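I opened this entry to keep track of what I looked up, one topic at a time.

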Amino acid sequence: MTTPPSAFSAQDRRHMLAALALAERGLGAVWPNPAVGCVLVRDGQVVGRGWTQPGGRPHAETEALRRAGEDARGATAYVTLEPCSHHGKTPPCADALVAAGVARVVVACGDPDPRVAGNGLRRLADAGVVVETGLCADEAYEVNRGFFNRILHDRPLFTLKLATTLDGRIATHGGESQWITGETARHWGHGLRARHDAIMVGIGTALADDPELTCRLPGLDHRSPVRVVVDSRLRLPLTSRLVRGARRVPTWIVTRSDAESVRLKVFRDCGVEVLPVPPDAAGMPDMVQAAAVLAGHGITRVLLEGGARLAASALRADLVDRLEWFRASRIIGGDGLPAVAPFGVDRLADARGFARTGIRRAGDDVVESYTRQRL
């Protein structure tokens, strides 16, 4: 049962918000696990902090307990997600909290993983620990929305990132696109890459730009996501930067299930993981099936970066959960290339709806954040 909001103090909320900030440090680096934060407080003083470490372990609670040591006894633990209760590659965090003598555990939201799903809370309560839930639950859900999507809906969270002119163009009619937005916007775009498990582009973008799709912010090069190319006919050149770097940065190709077997073997011999999925009505790899395959590989957050056909496919399949729209203060006109290709909207009622959640300046550009509206 969720604890009434009135039961929590201002200090409780402050410590949980701190735990949520810690959890966000793990985004893009902890899949297939959720990104969790934990703050231990005793006699009004923070005695331990922790967040899920790269690769998903150690868990946040374990890290916080390690740093607190004996000061954890009698403390309150603020945890952004229900502590695990099953034996995996690490012992259950619920047991670790009990063994450390924590007196009270405040949990933002439950874990939908069937191996947990209330068992962690029950284990704590059965051991005599005071358990309270629901503090900052909405915020905690948003942090781990990708993990919840994977567990509950068999697909990752998809964020569509667009960099366009004011009139929604990504290139001139001749294909020139570098650079529509400025340096600050490009740095922010690399920050988005670091916070996602995978970055996805279509074969058109891969052929036109020969991109690396890595995070090139100072100190964050190790946070480059899995690189995914949607390539129905396996046209990606073996000499491309993506293939040549596949043993250094994981590189996957989503292709049709009827792809040529010899070509499949060549890519796999180069270190590229090939993920065949059935084609859709347009002959492209079915995006819903692709989402399920990515989720099956543990991916929780995907950044869609290009191009117009991939954006249209994802919107047609109703997969886009969030938009990050970078707008440059210039206009190209109707003969420029649109950010999104046609995807079969005949009526306004069929248009994809989004609610703006934020707007901020990035140098001379503007970045707008949106989340999908559910009717």
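**Largest pocket**

I listed the elements that each supply at least two residues of the lining of the largest pocket: strand E6 (157-164), strand E7 (169-171), helix H7 (183-194), strand E8 (198-202), helix H8 (203-209), strand E12 (301-306), helix H12 (308-316) and strand E14 (337-338). The model is a predicted one. I then looked up which element gives the most to this lining, and it is H7, with 6 residues.

For the space in the largest pocket I noted about 1300 Å³. Its lining has 50 residues, and Ser-177, Thr-205, Asp-209, Glu-305 and Gly-306 are the closest to the centre. Sorted by class, the lining holds 24 nonpolar, 13 polar and 13 charged residues.

**Second largest pocket**

I read off a volume of about 530 Å³ for the second largest pocket. Its lining is made of 21 residues, and those nearest the centre are Arg-195, Arg-301, Arg-322, Glu-324 and Ser-369. By class I have 7 nonpolar, 6 polar and 8 charged residues in this lining.

The elements with at least two residues each in the lining of the second largest pocket are H1, helix H5 (137-143), H7, strand E13 (320-327), strand E15 (354-362) and strand E16 (365-372).

**Strand E6**

I went back to E6, one of the elements in the lining of the largest pocket. The strand is mostly covered, with 7 of its 8 residues buried. Which way does E6 run relative to E12, and how many bridges join them? The two run parallel and are joined by 4 bridges. Within this pairing, Phe-158 has Val-302 in E12 as its bridge partner.

E6 also pairs with E13, again in the parallel sense, over 7 bridges. I noted Ala-163 here, whose bridge partner in E13 is Phe-326.

**Open sheet E2-E1-E3-E4-E5**

Next I traced an open sheet of 5 strands, in the order E2-E1-E3-E4-E5, with mixed pairing. Strand E2 (45-51) and strand E5 (130-133) are its edge strands, each pairing on one side only. On average, neighbouring strands of this sheet are turned by 15° against each other, with direction ignored.

I checked strand E1 (residues 37-42) against E2: they run antiparallel and 6 bridges join them. Cys-38 stands opposite Gly-50 in E2.

Two helices went into the notes for this sheet. Helix H1 (residues 10-24) packs on the sheet and touches E1, E2, strand E3 (76-79) and strand E4 (104-107). The direction of H1 makes about 145° with that of E1. Helix H4 (residues 119-126) also packs on the sheet, touching E4 and E5, and its direction makes about 150° with that of E5.

**Two loop residues**

I looked up Asn-144, which sits in the loop between H5 and helix H6 (145-153). Is Asn-144 buried or exposed? Its relative accessibility is 5%, so Asn-144 counts as buried, the cut-off being under 20%. Apart from neighbours within four places in sequence, Asn-144 is in contact with Pro-34 and Ala-35.

Last, I looked up Gly-101, in the loop between helix H3 (93-99) and E4. Leaving out residues up to four places away in sequence, Gly-101 touches Ala-72, Arg-73 and Gly-74. I also logged the pair Gly-101 and Asp-71, which are 30 residues apart in sequence and 9.4 Å apart in space, C-alpha to C-alpha.

How values were computed:
Residues are numbered from 1 along each chain as its sequence is written. This is a predicted model: local features need pLDDT of at least 70, side-chain atom pairs count only at pLDDT 80 or more; totals for chains, interfaces and linings use all residues. Side-chain values use heavy atoms; hydrogens and water are left out. Two strands pair if DSSP finds at least two bridges between them. Axes are lines fitted to C-alpha atoms, for helices over the stretch in contact, and angles run from 0 to 180 degrees between N-to-C directions. Contact means heavy atoms within 4.5 Å. On a 1 Å grid over the protein atoms alone, a cavity is a set of points where a 1.4 Å probe fits but cannot get out, and a pocket is an open set with protein on both sides within 12 Å along at least five of seven lines; lining residues have an atom within 4 Å of a point. Grid points are joined across faces, edges and corners, and a volume is the space filled by probe spheres set on the points. Ala, Val, Leu, Ile, Met, Phe, Trp, Tyr, Cys and Pro count as nonpolar, Asp, Glu, Lys and Arg as charged, and the others, Gly among them, as polar. Buried means under 20% relative accessible area, exposed over 50%, partly exposed in between (1.4 Å probe, protein chains only).
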